[in-house]
Structures are given as structure tokens and as C-alpha cells.
Amino acid sequence: MTKKIIESVIITIIIICIMFLYFSIYMIVPIPDIIKIIIGIIIFALIGVAIYVLVERIKEIRRREYDDLSKY
């Protein structure tokens with residue numbers, strides 16, 4: 001059980017790092033500030049969604065619901 005939680009956390013951290021890398025690149029590129037703000041909002045919203053999905057996945061693992069597709 002803890003192995004699945006650790007795997008989920010590691011994958012989420014990698015995804016968040018990649019998103020933050022994109023954010024950093026877009027802040028360096030010379031584009032209008034309004035576009036930078038919009039891109040920043042989108043990227044940070046996606047980071048928030050990734051964290052929410054991680055929390056939900058951890059709850060599923062603790063309830064021992066490993067495979068959601070078997071319900072359908």
C-alpha cells in the first residue's frame with residue numbers, strides 16, 4: 001500500500017516540476033506581460049489540479065480501491 005502512495009507522490013512531483021519548468025521558460029521568453037499572466041494562471045491551476053488528484057488517489061489507495069475501472 002505505501003509503495004503505491006510513494007509512486008503516486010513521485011509521479012506528481014515530477015509533473016509539477018515539469019509544469020514549473022514550463023512556467024519558468026515562459027517568464028524568460030520576451031512575450032507581452034498579459035500573456036505571461038494568463039499562462040502563469042493556467043499552469044498554477046494545473047498544478048492545483050495535480051495536487052487534488054494526488055490527494056484523491058491517496059484516499060482511494062487507503063480505501064483499497066486500486067482499480068476504478070473494475071466498477072464499470
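Here is a short chat about the helices, rings, charges and surface of a predicted model.

User: What should I know before I start reading the values?

Analyst: This is a predicted model, where local features need pLDDT of at least 70 and side-chain atom pairs count only at pLDDT 80 or more, while totals for chains, interfaces and linings use all residues. Residues are numbered from 1 along each chain as its sequence is written, and side-chain values use heavy atoms, with hydrogens and water left out.

User: How far does α1 reach from its first C-alpha to its last?

Analyst: Helices here are DSSP runs (H or I, at least four residues), numbered from the N terminus. With 27 residues, α1 comes close to the 39 Å expected at 1.5 Å a residue; the expected span is 1.5 Å times one less than the number of residues. Its reach is 39 Å.

User: Which residues of α1 are buried, and what does their cover include?

Analyst: Buried means under 20% relative accessible area, exposed means over 50%, and partly exposed is in between (1.4 Å probe, protein chains only). The buried residues of α1 are Ile-5, Ser-8, Thr-12, Met-19 and Phe-23. What covers them includes α2.

User: How many aromatic pairs does a search of the whole structure find?

Analyst: Rings of Phe, Tyr and Trp (its six-membered ring) pair if their centres lie within 6.5 Å; planes under 30 degrees apart are stacked, over 60 edge-to-face, and the rest tilted. The search of the whole structure gives two.

User: What kind of pair do Phe-20 and Phe-23 form?

Analyst: These two sit three residues apart in helix α1 (residues 2-28), so about one helical turn separates them. Phe-20 is partly exposed at 44% relative accessibility, whereas Phe-23 is buried at 17%. Their ring centres are 6.0 Å apart with 35° between the planes, and the pair is tilted.

User: Why is the pair of Phe-23 and Phe-44 called edge-to-face, and which helices hold the two residues?

Analyst: The ring centres are 4.9 Å apart and the planes stand at 65°, so this pair is edge-to-face. It ties together parts 21 residues apart in sequence, because Phe-23 lies in helix α1 and Phe-44 in helix α2 (residues 33-62). Phe-44 is partly exposed, at 43% relative accessible area. To name the helices again, they are α1 and α2.

User: Which residues do the ring pairs link into a cluster?

Analyst: Phe-23 pairs with Phe-20 and also with Phe-44. The cluster is Phe-20, Phe-23 and Phe-44.

User: How many salt bridges are there?

Analyst: A salt bridge is a side-chain nitrogen of Lys or Arg within 4 Å of a carboxyl oxygen of Asp or Glu. Glu-56 and Lys-59 meet in one at 3.7 Å, N to O, and both lie in helix α2, three residues apart. Arg-57 and Glu-60 meet in another at 3.4 Å, also three residues apart in helix α2. The count comes to two.

User: Is Glu-60 buried or partly exposed?

Analyst: Its salt-bridge partner, Arg-57, is partly exposed at 25% relative accessible area. Glu-60 has 17% relative accessibility, so the label is buried.

User: What is the accessible area of the nonpolar patch on the surface?

Analyst: The patch consists of Ile-34, Ile-35, Ile-37, Ile-38, Ile-41, Ile-42 and Leu-46. Patches use residues with over 30% relative accessible area and no salt bridge, joining like charges within 9 Å and nonpolar side chains (Val, Leu, Ile, Met, Phe, Trp, Tyr) within 5 Å. Ile-35, in helix α2, is partly exposed at 38%. Together the patch residues have about 660 Å².

Key. Accessible areas come from the Shrake-Rupley method with a 1.4 Å probe; for residues, only the protein chains shown count as cover. Contact means heavy atoms within 4.5 Å.
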